[in-house]
Amino acid sequence: MTTFPVFTLPSWAETSYGDTRRRHNEIVRALRDCGIEKVFRLPKIVVIGNQSAGKSSLLEAISGIKVPRASGTCTRCPMEVVLVTGPESEWHAKVSLRFEHVEVEGQKHTNSVDFGQTRTVDEVPILLRRAQLAILNPDQDPSSFQSLSDAECDDTSLKLMFSRNTVVIQIKGAETDITFIDLPGIIAGTAKVPN
Ligand SMILES: Nc1nc2c(ncn2[C@@H]2O[C@H](COP(=O)(O)OP(=O)(O)OP(=O)(O)O)[C@@H](O)[C@H]2O)c(=O)[nH]1
Ligand SMILES: [Mg+2]
């Protein structure tokens, strides 16, 4: 009987292509944090569609992270999800707020600020919920939202209904290297979003 050698192909993430792509993604994220998109637009994958069409659900299915689902917590600002490959044992999520637009008087930040991190997948939804509240209340210090419970999030009023500033979540230990942006749904009418 003839035996054939068995070749095991490496996952593309372990190849030099994977290394290069990871480095490029890191550079792109750093450039975005510097506000480069005020000067020119970088290529990106963006999820758009009507409100409640299932954009965030699609993103959940790809990234494996859960976005907030309680009533009234639809996506209200751009949500940039940066997936970086790595060992599952080193899984880690880091959330930051990128304030590129001044939307209210007395806005605390006009740059990128660290918000929180976790090594527990189940903590991601509340972390994102708090981060979105900080974006929607830009006249308050983000640290005042960092330890809110779900019930406290429910009771928090919003200075803005929607914002053009971004919640950025970087997941290390993901299965693929990709960055995409979830957007609020297209709706028929709302209060004016500041320019
Ligand atoms: N039946 C069904 N329900 C879905 C599907 N995808 C999402 N949903 C439900 O539709 C609701 C809205 O889903 P989201 O993923 O939050 O929709 P979205 O487009 O991100 O909504 P906005 O951020 O408010 O624009 C949730 O209750 C989901 O569970 C689907 O394929 N089938
Ligand atoms: Mg959504």
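From the N terminus on, the elements of the protein follow the order α-β-α-β-β-β-α-α-β-β. That makes four helices and six strands. The model is predicted. It holds a magnesium ion, ligand 2, with two protein donors, Ser56 and Thr75.

**Fold and surface**
- The protein has 195 residues, and 43% of them count as buried.
- Among contacts in the protein with a separation of 6 or more, 74% are between residues 24 or more positions apart.
- The protein has an accessible surface of about 11,200 Å². Carbon and sulfur atoms account for 54% of that surface.

**Magnesium site**
- The magnesium ion (ligand 2) has the OG atom of Ser56 and the OG1 atom of Thr75 as its protein donors, lying 2.1 Å from it.
- Serine 56 is part of helix α2, which covers residues 55-63, while threonine 75 sits in the loop between α2 and β2 (79-85), so the pair ties together parts that are 19 residues apart in sequence.
- Serine 56 and threonine 75 are both buried.

**Largest pocket**
- By type, the lining of the largest pocket consists of ten charged, seven nonpolar and three polar residues.

Note on methods
Residues numbered from 1 in each chain as written. Chains lettered and ligands numbered in written order. Predicted model: local features only at pLDDT ≥ 70, side-chain atom pairs only at ≥ 80, totals over all residues. Heavy atoms only, no water. Helix = DSSP H or I, 4+ residues; strand = E, 2+ residues; numbered from the N terminus. Buried < 20%, exposed > 50% of the residue type's maximum accessible area, 1.4 Å probe, protein only. Contact = heavy atoms within 4.5 Å. Areas by Shrake-Rupley, 256 points an atom, 1.4 Å probe, with all protein chains shown as cover. Nonpolar A, V, L, I, M, F, W, Y, C, P; charged D, E, K, R; others polar. Donors = N, O, S within 2.8 Å, 3.2 Å for Na, K, Ca; no water.
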